[in-house]
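Biologist: I have a protein open here and would like to go through its fold with you. Can we start with the overall layout?

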Amino acid sequence: MFRATVFFVCFSTLLLAIGCHSRRAPVVVKTPPAATKPVAKKPPVTPPRSASSVAATRPRPPVDTVAYEMPDMSVPASPKREFRAVWIATVQNIDWPSKKGLPTSQQQQEMISILDMHRQAGLNAVIMQVRAAADAFYAEGPEPWSEWLTGKQGKAPDPFYDPMEFIIDQAHSRGMEFHAWLNLDRGTFGKTASLASDHISYRKPEWFITYGDRKLFNLGLPEVRTYVAGIVANIVRNYDVDGIHFDDYFYPYAIAGQTIKDDAAYRKYYNGMGKEDWRRSNVDKLVLELRDSVKAVNPYCKFGISPFGIWKNVKSDPDGSATTGGQAYYELYADTRKWVRQGWVDYIVPQVYFTTEFSRAPYKVLVDWWAKNSIGRHLYIGHGAYRLGNTRERDPAWMDPAQMPSQIRYLRNSALAAARGPVHGSIYFSSKSLTTNRMGVRDSLQTSLYKYPALVPPMTWIDSIPPLPVRDLKAARTDQGVELYWQSPDEARDGDLASYYVVYRFEGRYRQYRTDNPERILSICPGEDNTRFIDRTADPKKKYTYIVTAFDRLHNESREIQVWIN
């Protein structure tokens with residue numbers, strides 16, 4: 001992913017109040033599990049807590065507007081629904097772990113720190129690289145442990161733990177989605193790479209082509225595509241992932257003097273097509289097989305791809321963007337626009353790693369183009385945060401601290417969205433760029449752009465049925481503040497239970513309440529059985545209305561239930 005820009009040249013605070021019992025979910029460091037991986041399942045329903053009611057509950061239908069409420073004008077307008085994520089790269093230890101072979105406890109502590117910082121900055125999802133080069137950062141799979149984890153490919157963590165299971169638990173406890181990010185094409189990363197004796201490149205050498213100093217999977221072979229799809233299905237079957245994610249590596253980025261040696265596969269499988277069309281067909285078949293492998297195991301698991309930012313230039317195709325850079329369609333054989341227009345993916349994340357001033361591929365031009373071509377599926381913009389403040393960049397606009405905030409404000413522009421189509425969020429490459437606060441980007445997110453929390457947008461083509469509302473909502477003043485408690489809802493008609501709850505607070509009473517205003521979100525309470533919340537910021541002299549709603553795994557929101565506290 002980080003080579004995408006090289007290719008082009010060659011061609012608020014985290015939930016301030018305490019919630020359930022805190023807006024920041026508690027950090028739980030698990031003892032490393034045994035070498036078996038249980039199948040993920042929903043938490044059991046626990047009996048509701050009972051308490052005397054001091055205020056009657058009153059269910060109300062959801063409303064979109066409210067008279068008399070004024071938004072906080074001290075910060076930019078912030079949407080209630082927005083996907084806010086970061087890529088956590090493991091290849092070459094870019095983001096995690098900080099180096100090979102760290103003790104288990106240090107690896108875990110580093111990850112806890114990373115997740116805490118991202119949650120505090122207002123993010124609600126992580127895209128974690130779990131397969132970098134036909135290897136694994138997880139226990140339940142056929143490929144060997146990654147050398148970037150333990151220092152030697154095939155060597156398990158000691159003391160043993162399952163990194164992906166651990167990170168999923170940690171992310172979910174903070175109310176963050178976890179998407180497993182896999183690299184498609186790499187079999188090896190370089191000539192000096194550590195390879196286990198049972199690595200797939202040794203077991204199936206005929207599946208690989210050599211390109212540069214790496215071995216790449218030959219995507220023209222049906223058995224290769226089936227193998228990769230099987231790796232994906234295994235992850236979805238064994239881990240509680242919210243999504244499966246692939247990056248921009250399909251066929252390789254061009255290297256001078258190198259050719260893709262797939263002539264034998266082409267002669268066998270070309271089916272009358274020219275070689276370039278055949279390669280694009282191979283990638284299309286792989287994308288569909290990957291999608292089908294995910295949905296066959298878990299229809300609710302999201303499937304997304306993050307391609308290079310330019311599909312085609314307008315000079316190559318009138319439907320292309322007004323750019324003059326490298327083109328995924330021709331150079332990588334990736335018909336990225338087709339995948340989203342045909343609904344093959346649930347979301348697409350074009351890597352728009354360019355500034356608003358970059359003439360060959362202006363950020364705004366590409367955002368507008370993708371918004372017009374992604375109708376019906378979610379569009380998230382991939383931001384090149386790693387380029388901020390980098391003196392080696394040719395574009396001086398990356399030295400401007402206002403560059404990233406201006407990009408976010410642009411994609412949020414509601415007036416433009418009405419004409420071009422919406423943008424549903426952002427993903428930043430990569431984690432270290434935010435944790436090290438390059439050009440103050442993390443500060444900008446935490447104190448301004450992401451000051452208020454955002455909920456992940458629902459994907460109604462997967463699931464449009466909301467959960468049932470919470471039951472028996474009550475409120476009472478205590479020495480600690482205002483305590484809310486409720487019972488979890490029954491199953492909705494599609495069988496879903498609540499996955500988390502949102503608590504809204506309003507000072508006084510209104511005829512209508514703007515639950516679409518994120519300023520009113522007091523707490524996000526992860527977990528079906530997390531049915532108690534203490535508002536420690538409540539002023540004992542003021543009267544409040546609280547609203548609690550339930551959300552399912554796909555982020556559909558229930559009908560509102562409200563309670564008044566004198």
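Modeller: Eight strands close into a barrel, paired parallel in the order 2-3-4-7-8-9-10-11. Helices (H or I, at least four residues) and strands (E, at least two) are DSSP runs numbered from the N terminus, and two strands pair if DSSP finds at least two bridges between them. This is a predicted model: local features need pLDDT of at least 70, side-chain atom pairs count only at pLDDT 80 or more, and totals for chains, interfaces and linings use all residues. Residues are numbered from 1 along each chain as its sequence is written, and side-chain values use heavy atoms, with hydrogens and water left out.

Biologist: How many bridges join strand 3 and strand 4?

Modeller: Six bridges, in the parallel sense, between strand 3 (residues 125-131) and strand 4 (residues 177-182). For example, Ile127 has His179 in strand 4 as its bridge partner.

Biologist: Which strands does helix 4 touch?

Modeller: Helix 4 (residues 163-173) packs on the sheet against strand 3 and strand 4, and its direction makes about 150° with that of strand 4. Helix 8 (residues 275-297) also packs on the sheet, touching strand 7 (243-246) and strand 8 (302-305), at about 155° to the direction of strand 8. Axes are lines fitted to C-alpha atoms, for helices over the stretch in contact, and angles run from 0 to 180 degrees between N-to-C directions. Contact means heavy atoms within 4.5 Å.

Biologist: How many helices and strands does the protein have?

Modeller: There are 15 helices and 18 strands. Of the 566 residues, 59% are buried, where buried means under 20% relative accessible area, exposed over 50%, and partly exposed in between (1.4 Å probe, protein chains only).

Biologist: Which residues touch the most other members of the largest nonpolar core?

Modeller: Trp96, Val130, Phe178, Ile244 and Tyr428, in a core of 127 residues. Helix 6 (residues 222-238) gives the largest share of this core, eight residues. A nonpolar core is a set of buried Ala, Val, Leu, Ile, Met, Phe, Trp, Tyr and Cys residues joined through side-chain atoms within 4.5 Å.

Biologist: What does Ile244 touch?

Modeller: Leaving out residues up to four places away in sequence, its contacts include Ala180, Leu182, Val232, Phe303 and Tyr347. There is also a second, separate core of 20 residues, with Ala498, Val503, Phe533 and Tyr544 among them.

Biologist: Changing topic: where is the cis peptide bond with an omega of about -20°?

Modeller: That bond joins Trp96 and Pro97, and Pro97 is in the loop between strand 2 and helix 2. Another cis bond runs from Phe429 to Ser430, with omega near -5°. Ser430 lies in the loop between strand 11 and helix 14.

Biologist: What about Gln92 and Asn93?

Modeller: Gln92 has a positive phi, near 55°, and Asn93 also has a phi near 55°. Most residues other than glycine have a negative phi, and most peptide bonds are trans.

Biologist: Is Asn93 buried or exposed?

Modeller: Asn93 is buried, at a relative accessible area of 10%, whereas Gln92 is partly exposed at 43%.

Biologist: Last one: which residues of helix 15 are buried?

Modeller: In helix 15 (residues 441-449) they are Val441, Arg442, Leu445, Gln446, Ser448 and Leu449. These pack against strand 2 (83-88), helix 2 (104-120), helix 12 (403-412), strand 11 (425-428) and helix 14 (431-435).
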